[in-house]
Amino acid sequence: VDGYTGYNLVCQEADTIRAGCWAHVRRKFFEAVRSEPLLASHALALIRRMYLREREARSHQPQPLAGKDLVAWRNEHMRPLIMSFGEWLQQQQPRIPPSSQLGKAIGYALNRWPTLLVFLDNPNIRPDNNAAERQERRVALGRNNWLFAGSEAGAKHAATIYSLIGSRQLAGVDPYTYMTWLFERLPWWPRNKIPELTPRAHADAL
């Protein structure tokens, strides 16, 4: 996630690990290019090098790296770049006014530093939350068409349906086929086997 404070309460739960988003870090430095072109561009170049290493792992032949292999790759090829970037941030912070665009970008990164390292040791986590934000974009684009959900319960139901449709897309399952299959089973399906109805489980079954 990004630095939105609304996530704080959720991330305090014992079984929750907060992973920071590098795309939001990059965005802050991109916004600082106009006022501090040399230093901001240097930061962007370091972040780009990190993403290139991640891309190499994802396009590795004969198959993309995953699991322990991906973790090993990240720690060998990406961790040194990231730690070097962190040292650079700490060196620059005392020299840059905190109220400047570059100062805000540096502060944003350092304040979230532990969360930005989480993905290195977890192969299921990507460096950013772009995939999740792409799933939410259709809701943001359409919200002018449905300004009100009717009630809090209606909003919760809508969120459930959005999540199902988004998960269905990620699983590569046809939406009509999946939703028909799902609603045919919901009335009689055992509650302790609900995970077997997820889009991913449906895709695996197919």
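Visitor: What should I know about the model before I ask about residues?
Guide: The model is predicted; local features need pLDDT of at least 70 and side-chain atom pairs count only at pLDDT 80 or more, while totals for chains, interfaces and linings use all residues. Residues are numbered from 1 along each chain as its sequence is written, and side-chain values use heavy atoms, with hydrogens and water left out.

Visitor: Why is Phe85 called buried?
Guide: Buried means under 20% relative accessible area, exposed over 50%, and partly exposed in between (1.4 Å probe, protein chains only). Phe85 has 2% relative accessibility, so Phe85 counts as buried.

Visitor: Why does Trp88 count as buried?
Guide: Its relative accessible area is 10%, so Trp88 is buried.

Visitor: What makes a set of residues a nonpolar core?
Guide: The set must consist of buried Ala, Val, Leu, Ile, Met, Phe, Trp, Tyr and Cys residues joined through side-chain atoms within 4.5 Å. The largest such core here has 33 residues, and Trp22, Phe29, Phe85 and Leu89 have the most contacts inside it. Among the helices that each supply at least two residues of this core are α2 (22–31) and α4 (67–92). Helices are DSSP runs (H or I, at least four residues), numbered from the N terminus, and strands are E runs of at least two.

Visitor: Which residues is Phe85 in contact with, leaving aside its neighbours within four places in sequence?
Guide: Contact means heavy atoms within 4.5 Å. On that basis the partners of Phe85 are Trp22, Phe29, Ala43, Leu46, Ile47 and Trp113.

Visitor: How many aromatic pairs does a search of the whole structure find?
Guide: The search finds 8. Rings of Phe, Tyr and Trp (its six-membered ring) pair if their centres lie within 6.5 Å; planes under 30 degrees apart count as stacked, over 60 as edge-to-face and the rest as tilted.

Visitor: What makes the pair of Trp22 and Phe85 tilted?
Guide: The centres are 5.9 Å apart and the planes 45 degrees apart, so the pair is neither stacked nor edge-to-face and counts as tilted. Trp22 in helix α2 and Phe85 in helix α4 are 63 residues apart.

Visitor: What makes the pair of Phe85 and Trp88 stacked?
Guide: With 6.1 Å centre to centre and 15 degrees between the planes, the pair falls under the 30 degrees limit and therefore counts as stacked. Both residues lie in helix α4, 3 residues apart, about one turn of the helix.

Visitor: Which residues do ring pairs link into a cluster?
Guide: The cluster holds Trp22, Phe29, Phe85, Trp88 and Trp113.
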